[in-house]
Amino acid sequence: YGFINTCLKSLVVEKYGEETWEKLRLQAGVQDSFLTFEVYKDEITMQLVDKACKVLGVPADLVLREFGKYFFEFCKRSGYDHMLRTLGGNLYEFIENLDALHSYLSLSYQASFGFVWFFPQEMNAPSFRVEKNEDGSMHLHYYSDRRGLCHIVPGIIGAAALDFFNIEISMKIVNQTEEEERTGKKEHIVFLVTQNPVFPCKERKEFSSSSQCLVDSEKQSESQPSKEDLEKAKNTTGDRGNSVCPVKKSHWKTLRGIIALGRGKLLRGFDPVYPKSLWIDTKTFCNGLPFHIVFDKELRVKQAGVSIQKIVPGLQTMGISLDQYFRIVHPEVPFTISSIQKFINSQFVFQTRREMMPESWKQRPMLELRGQMMWMEPLQCMLYLCSPLLRTLHELEERQMHIADIAPHDVTRDLILLNQQRLAEMELSNQLERKKEELRILSKHLEEEKKKTEALLYAMLPQHVANQLKEGKRVEAGEFQECTILFSDVVTFTNICAQCEPIQIVLMLNSMYLRFDRLTTVHDVYKVETIGDAYMVVGGVPVPVPTHAERVANFALGMIIAAKGVQNPVSGNPIQIRVGIHTGPVLAGVVGEKMPRYCLFGDTVNIASRMESHGVPSKIHLSSSAYQCLKYKNFEITERGEIEVKGKGKMHTYFLIRNKNATENEIMGRP
C-alpha cells in the first residue's frame with residue numbers, strides 16, 4: 001500500500017529535506033506522492049530503499065533500522081496508537097499477537113493491512129513466532145519472502161519496547177536460513193532478543209522512597225498478610241511482570257504490588273476453577289459452536305460444528321483426512337500437525353478445496369475460515385475454533401450464506417455489518433485523497449505559473465514597485481539625488497531598415513538585446529526600456545548604490561564588445577553602436593494603468609540622450625559629471641573637448657576607453 005511509501009517519503013523529508021527526497025525519487029524513477037490505500041509494486045519500495053542508501057551514503061541495515069523506528073512513530077501518528085498499545089501486557093505478548101492484528105486488519109481492509117508491512121494478502125505478508133528462553137531472553141522468528149528487509153524488524157520492535165514497555169532491547173541475528181514452504185522459499189531469520197529496564201526519573205524516585213510507601217500502606221492495613229499469602233502473591237505477580245525477560249525486583253516493590261487498592265486486602269493470584277465433568281452435551285456444543293473442527297495428529301476429523309458440516313458435507317464422515325477438504329492459507333505452512341503446533345499462537349485461515357465441495361458450491365467463491373488452534377494434550381487432538389472469514393454483505397451473498405448461519409455470539413456478524421459502513425467510508429476517504437492529490441498537483445502547477453508571471457512582471461517593473469502594485473497600493477514617485485543613465489543606438493539603423501525585410505530587423509535587434517539583457521544581470525543595472533534600436537539603462541535606480549557610475553561604465557564596455565557579435569543584415573559585418581552616459585538627479589515613478597511602466601524624468605535623461613546622439617560609432621561618450629564620478633576609479637578615459645550639444649550649448653565631454661583592472665571575460669561575465 002501507499003502507506004509504506006508515504007512513510008518513507010515523510011522520513012526523508014523530515015530528516016534530510018525536500019531536496020534530498022526529490023533527488024532520491026528522481027533516481028528511483030517514482031512519483032512524488034502515494035495514495036494511502038492504493039496498492040503499489042514491491043519494486044517501488046525496494047528502489048526507494050536502494051537509492052536512499054546511495055544518496056545518503058548510509059549502509060542498508062542502518063537505513064532499514066532507522067526506517068523501522070520511524071515507521072512505528074508514523075503508525076502511531078496515523079491513528080494506530082491505541083490498537084498497538086493494547087496488543088499485550090509485555091513485549092512477548094505484543095509480538096505474539098502481531099499476526100492476529102494483521103489478520104484482523106486484513107479482514108477490515110480487504111487486504112493484509114498489518115503493523116509491520118502493508119501488502120495485499122496474495123503477496124504473503126511476513127509472520128512472527130516468539131520463544132521464551134530460560135535466561136529471560138527470547139528468540140524471535142521472522143518469516144518473509146522479501147529478502148533483505150529483516151533489519152526493519154529491530155527498528156520497529158525496539159521502538160515499541162521502549163515506548164510501550166519502557167525497556168531497551170538489543171536484537172542480533174543468530175540464524176538465517178531459507179525454508180521451503182507452501183508458497184515457495186521463505187527467508188527465516190532468528191533474532192536473539194535481550195532486554196534491560198529503563199527507569200525514568202519519576203520511577204527511580206518512587207523506587208527510592210518505597211520503604212516509606214510500604215509503611216504508609218501498612219498503617220492503613222487492618223490485617224497483616226500471612227507468609228503463605230505473601231509467597232503466593234509474590235509468585236503470581238512475578239508471572240505478570242511487564243518484562244518478557246524478567247529483571248530482579250526489590251522485595252519492597254514486590255510487596256507494593258500485592259498490597260490491595262482497598263483497605264488492608266490482598267491482591268491474591270488468580271486460580272481458575274474447573275468442574276469435575278463437562279456440563280455440556282455434545283449436541284449443544286456442536287450447535288453452540290457451529291464452526292469448529294477437532295482433529296488428531298494424523299489430521300483425521302473427530303468432530304465438527306453443524307454449520308461447517310452443512311457447507312462441507314464430507315466432514316460428516318468422521319475419520320476423513322482434514323487436508324482433503326481444506327488448505328492452509330495463513331500462515332503459509334505445510335498442512336502437518338508439527339507445522340501447526342509451531343505456529344499455534346498465530347491465527348489460522350483455512351480455505352475449502354473446490355474439487356471437494358458440493359456441485360452447488362462449484363461456481364461460488366470458496367469459503368474461508370479464520371480462528372485459533374488449541375492443542376488438547378489429554379486427547380492428543382487439535383481444536384480449531386473458527387468463524388467464516390467474511391468481510392462484507394456482498395461476500396456473504398456470493399456464498400449464498402445468511403447472517404443466521406453465524407452463531408449469535410460470534411462477532412463476525414457485527415464485523416460484516418460494521419465493515420459494510422467502513423468500506424463506504426474508506427471509498428469516500430480514497431476519493432478525498434485523490435482529490436487532495438489532484439489539488440496538490442494543480443497547486444504546484446499554479447505556483448509554477450505564478451513564478452513565471454512574477455518573473456515577467458519583475459522584468460517590466462522593479463520588484464518592490466511590482467509588489468506594491470500587486471497589493472493594490474499606489475506607488476509614489478521617488479527622487480534620486482544621483483544616478484547614472486546610459487543610452488545606446490545602432491549606427492545607420494534607418495538605412496538598415498530601408499534595405500532589409502522586417503523579420504531581419506527583428507532578428508538583429510533580438511540578438512543584440514539578448515546580449516545586453518544578460519549584461520544588465522552581470523553588472524546589476526536596471527533596464528528602463530527599449531524603443532526601436534534605442535536601449536536605456538540606469539544605475540542607482542530604483543535601489544540607490546554608491547557605485548552606480550562604475551556599474552554603468554562596465555556595462556557600456558560590455559555593450560561595445562557584445563555588439564561585435566551581432567551581424568548587420570545588409571553588409572554582413574558586425575553592427576556598430578553609439579553609447580552616451582550622464583550622471584545627475586532624476587525623478588522616477590510608475591506611469592499608466594493598462595501597461596504601467598517605471599519611467600525616469602528630469603534633465604539628466606535629456607543630457608544622457610544627447611551624449612548618445614552626439615557620440616561616435618563604437619565609442620562611449622561621457623558627460624563631465626559622469627567623468628567626475630569615474631576619473632579616480634581605474635578607468636582609462638580620454639578627453640574629447642568642447643562640443644556643441646543641441647539644446648544645451650557647449651559641453652566638455654570625454655570618451656571611456658577601458659577598465660584598467662578588469663579583463664574582457666570579467667566585463668562580459670564569462671567564467
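**Entry 1**

I looked up Ile503 and found it exposed, at a relative accessible area of 53%. I note that the model is predicted. The cut-off for "exposed" is over 50%, so Ile503 qualifies with its 53%. The residue belongs to helix H19, which covers residues 502–523. I then examined the surface around Ile503: together with Val506 and Leu507, Ile503 makes up a nonpolar surface patch, and the three have about 300 Å² of accessible area together.

I next considered H19 as a whole. The helix contains 22 residues, and from its first C-alpha to its last it reaches 32 Å, close to the 32 Å expected at 1.5 Å a residue. Which residues of H19 are buried? I listed Ile505, Met508, Leu509, Met512, Tyr513, Phe516, Leu519, Thr520 and His523. They lie on the same side of H19, because they cover an arc of only 120 degrees around the axis. The other side of H19 carries the exposed residues Ile503, Val506, Leu507, Leu514 and Thr521. Just after the helix, I recorded a positive phi of about 55 degrees at Asp524.

**Entry 1: Lys51**

Is Lys51 buried or exposed? I found that Lys51 counts as buried, with 15% relative accessibility. Its place is in helix H3, residues 42–56. With neighbours within four places in sequence left aside, Lys51 is in contact with Leu24, Gln27 and Ala28.

I turned to two loop residues. Val616 sits in the loop between helix H21 (603–613) and strand E16 (620–622), and Val616 is partly exposed at 28% relative accessible area. Not counting residues up to four places away in sequence, Val616 touches Ile577, Arg578, Arg640 and Phe655. Of these, I followed up Ile577, which is 39 residues from Val616 in sequence and 8.4 Å from it in space, C-alpha to C-alpha.

Asn166 occupies the loop between helix H7 (152–165) and strand E3 (167–181). I noted a relative accessible area of 27%, which means that Asn166 is partly exposed. Asn166 and Asn90 are 76 residues apart in sequence, yet their C-alpha atoms are 10.0 Å apart.

**Entry 2: Salt bridges**

How many salt bridges are there? I recorded a count of 25 salt bridges. One of them joins the side chains of Arg85 and Asp163, at 3.4 Å from N to O. This pair links distant parts of the chain, 78 residues apart: Arg85 is in helix H4 (residues 60–85) and Asp163 is in helix H7. Arg85 is partly exposed at 35%, and Asp163 is also partly exposed, at 29%.

A further salt bridge connects Glu454 with Lys470, whose closest N and O atoms are 2.9 Å apart. Glu454 is in helix H16 (residues 412–460) and Lys470 in helix H17 (residues 463–470), so this pair ties together parts 16 residues apart in sequence. I also noted a network in which Glu73, Lys76, Asp81, Arg85 and Asp163 are joined by salt bridges that share partners.

**Entry 3: The whole chain**

Finally, I looked up totals. The chain has 23 helices and 18 strands, and 46% of its 671 residues count as buried.

Terms used. Residues are numbered from 1 along each chain as its sequence is written. This is a predicted model: local features need pLDDT of at least 70, side-chain atom pairs count only at pLDDT 80 or more; totals for chains, interfaces and linings use all residues. Side-chain values use heavy atoms; hydrogens and water are left out. Patches are made of residues with over 30% relative accessible area and no salt bridge: like charges are joined within 9 Å, nonpolar side chains (Val, Leu, Ile, Met, Phe, Trp, Tyr) within 5 Å. Accessible areas come from the Shrake-Rupley method with a 1.4 Å probe; for residues, only the protein chains shown count as cover. A salt bridge is a side-chain nitrogen of Lys or Arg within 4 Å of a carboxyl oxygen of Asp or Glu. Helices (H or I, at least four residues) and strands (E, at least two) are DSSP runs, numbered from the N terminus. Buried means under 20% relative accessible area, exposed over 50%, partly exposed in between (1.4 Å probe, protein chains only). The expected span of a helix is 1.5 Å times one less than its number of residues. The arc is that of the directions from the helix axis to the C-beta atoms. Contact means heavy atoms within 4.5 Å.
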